[in-house]
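Thanks, everyone. Please have a look at the model while I talk.

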Amino acid sequence: MSFTSFIGRAIARGIYGQQIMKACPDLKKHHAALDLFCEACNEVSFNVPHKLKMGMFIGRVKMKHCLNDTGIIGINNPNFVILEDGSLYTKNAISLTTHESIITVFLKNVYTHEQKRIYVSLLTYPQKDSKTKRRHVRSTVVGRTKRRWAPVPTIIMENSLGPFPMQIQQLSSDMALKYNIRYFITGPGVDKPPLNYFYIEQETGNLFVTCPIDREEYPEFQLICYAMTPDGYTPEIPLIHLIKIEDDNDNTPEFEYNIYTFHVPENSIIGTIVGQVTAKDKDEPNTLHSKVKYRIISQSHQKLQEFVIDPDSGCITVALHLDRETVPTYTLNIEARDMGGEEFGLYTTAPVHIEIGDVNDNLPQIAQSMYVVEVYENIEHAEILCIPVEDKDESRTSSWMGIFVITKGNEDNSFAIRVDPQQNIGCLSTLKELDYEKSHERRLEIVINNEAPYVPPPNSRALQTSVASIVVKIKDQDEGPVFESCEYILHISERLLVGTVVGNYQAMDPETGNKHLSYKIIKDPCGWITIDESGNLRTTESLESDSKIIEYSQCNVTVSAIDQSGKTGNGTIVIVLMIENNYPVSTSKHYVMCKDKKTICINATDINLPMSTIPYHFEIEKPVDLKWKLTPNDVGFGAPYGLWLYRKRHTSQEESDLTFENVTRSNTEAPGEGNIRPNIEAPREGNTRPNTEASGNTGNTMVFLCGEDEERNVAKEYLHAYNYEGKDSPTGTLSSCTGESEEEKLSFLNEPEPPFRTLVEVFVQKDCV
């Protein structure tokens, strides 16, 4: 409690000037330490009756304001005893003979040995006369008085100034007219925690409070009161008496946090909520003592009021345009005052820090828009120019970092820009070697933006993007010869003669255009070619892929060209050996299978070495009803390089069909009646195809019937011997059936004799239809 509040309450209770100083002698020196008990280590007063019973509670002396660390407590009167909490009791039943008795309490600190004294004055008040009444003796009552056994709830002001003990109520029972009534109380504040806050005079029923009470700690007490005769008879029902502590505005509002920090982006619209502060008051809810109002009492920048606060909710909102580049942070001092914000209310303050978040509302700027720089040709990764960028946005953020884009003049990707993120500088450099002979200068156009998208401030015009034009002048320098192409692909076939010219690889002097240079091979892992003064490339040996000296089919050779000044230029020749695909070839192109039906052995060879050829794979390219069969002939090298070709065994019906199918035409008749098996038992076509599994190349071999040529025509007529079939036929020779259309030449076939009927049917079906 403040000193002013204490004085105000004392005056309100009729305690003036000298009385205050007498009750609290140290008030002049230590008014800030003055407590509600007026204990200043000199004198404390208690009102007591003349007669004190043994164990009677007198009052409580608060000793902490006199000596914080009390170790030893003593008293100069043996009829009294004082406890550690300051409670003073009678040790014996005594009667006070004088109006005022003084008891001295001694205090001593066991650590510092500091000693203090407190004088306790016992002030007596007149004893009420009472007449002894006996139970069950009725006396004549002239009139009935109002019952006082059920008084209204008692209200005590929080932090009352006393003096203590202070009478707060008097209990009275109508039964006191008949009996000798004594009053007793029990409950919290009496014989239950908190102890000794209240006591009652048994004879008078006067109820006393012994000390100030904090409503926030104990808002009310419920005491059970008894009216009892000396012999224990209770003519009244026990009474529950309610004592309420009336709230005093003794608590200031308390903020939830000691310091508040909020963030809000710049350019926020008016009315944007920044944050909310909250303060709570421990005084009685729903009263003016706990009704808090908020207001901004100061801010770090007093020119304008960029923020406002709602007095009831404590919400802080944006009131004006915020620009981080102008003011990055604000500090507000917020007041929370109770009593609805009235001037006499208690208040507290708390600082509120508001940080303005950055928005990309400023574009990057460069010092100049035109640059002219020089760089030598033939220098790779050469730094040409560094362009610093200025941006008002927050440093090292996406709104501050510049992005450089080459929009023109870099179609061949000869340039690149590297950005220093710490200094926000873009450095232009070459990715490739520039050629003075091709172009004397390059013109570039560079656009600078930020990583974050540009957001212009409200009610303002958008800024123009920064563009830089750069002229890169290329400086000439004496350089060595340059080959027409950095890499020359040279294809060489197998088995070429030594010294064969297989290509030409020349260079020229870029300054003079002179091609009269000298050449030499500076790196050649294979030794396949040489180069002369004219750049002609010649073979050094006959190359063959199957040769053991050829370990690979491709070789890279580095060639150097030298001008008259001794400057050199290098080029690369990639030699690719063209491997020929050699097909396997049969040792014979034609095979003939005749009447003896001996198997045919078909052999194949390949000019390549065996490691690239065998084993061969043979197959019949045009099988006829699966009538041919191939059997491997394993000879040499441990793998088949030939095969046997022979006819499968057939049934009699198949042989009959083959007979009809393979009979050749003849102009010779022979006697006899029975059919003779033809001397050729193979089909008309039977090609075999050998190939190799290693190279996959194939070759063909033809197998012919007896007497056929390559066009499958009968080379000549064969004479066939027939058995005797009867008398001669009146018909002419069979060779006259040539397939001509004259009806007279074919009419004899309409009715052939039995021995020739079958033969005629065959020829008619095959040749004459």
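Start with the torsion about the S-S bond of Cys 386 and Cys 427. It is about 105 degrees, so this disulfide is right-handed. Keep in mind that we are looking at a predicted model. The sulfur atoms of Cys 386 and Cys 427 sit 2.2 Å apart. Cys 386 is in strand S28 and Cys 427 is in strand S31, so the link ties together parts 41 residues apart in sequence. Are these two cysteines buried or exposed? Cys 386 is partly exposed, at 33% relative accessible area. Cys 427 counts as buried, at 8%.

How many disulfides are there? The count comes to 2. The other one joins Cys 526 to Cys 555, S to S 2.1 Å. Cys 526 lies in the loop between strands S38 and S39, and Cys 555 lies in strand S41, so this pair ties together parts 29 residues apart in sequence. Its S-S torsion is -100 degrees, which makes the link left-handed. Both Cys 526 and Cys 555 are buried.

Two further cysteines. Cys 225 is buried, at 0% relative accessibility. Cys 486 is exposed, at 67%.

Now the sheets. Back to S28 and S31: 5 bridges join these strands, and they run antiparallel. Ile 387 has Gly 426 in S31 as its bridge partner. The open sheet has 4 strands, in the order S26-S28-S31-S30, with antiparallel pairing. S26 and S30 are the edges; each has a single partner strand, so one side of each lacks a neighbour in the sheet.

Next, strand S27, residues 370-376. Tyr 371, Val 373 and Val 375 make up its covered face. Met 370, Val 372, Glu 374 and Tyr 376 make up the uncovered one. In a regular strand, side chains alternate between the two faces of the sheet. S27 pairs with strand S33 through 7 bridges, and the two run parallel. Glu 374 has Lys 473 as its bridge partner in S33.

Last, the cores. The largest nonpolar core has 25 residues, and Ile 185, Phe 198, Leu 207 and Ile 243 have the most contacts inside it. Strands S12, S13, S14, S15 and S16 each give two or more residues to this core. S15 gives the most, with 4. What does Phe 198 touch? Its contacts include Ile 156, Ile 168, Ile 185, Leu 207, Phe 221 and Ile 243. There is also a second, separate core of 23 residues, with Val 277, Tyr 294, Ile 316 and Ile 356 among them.

Technical notes
Residues are numbered from 1 along each chain as its sequence is written. This is a predicted model: local features need pLDDT of at least 70, side-chain atom pairs count only at pLDDT 80 or more; totals for chains, interfaces and linings use all residues. Side-chain values use heavy atoms; hydrogens and water are left out. A nonpolar core is a set of buried Ala, Val, Leu, Ile, Met, Phe, Trp, Tyr and Cys residues joined through side-chain atoms within 4.5 Å. Buried means under 20% relative accessible area, exposed over 50%, partly exposed in between (1.4 Å probe, protein chains only). Contact means heavy atoms within 4.5 Å. Two strands pair if DSSP finds at least two bridges between them. A disulfide is a pair of cysteine sulfur atoms within 2.5 Å. Lists of a residue's contacts leave out its neighbours within four places in sequence.
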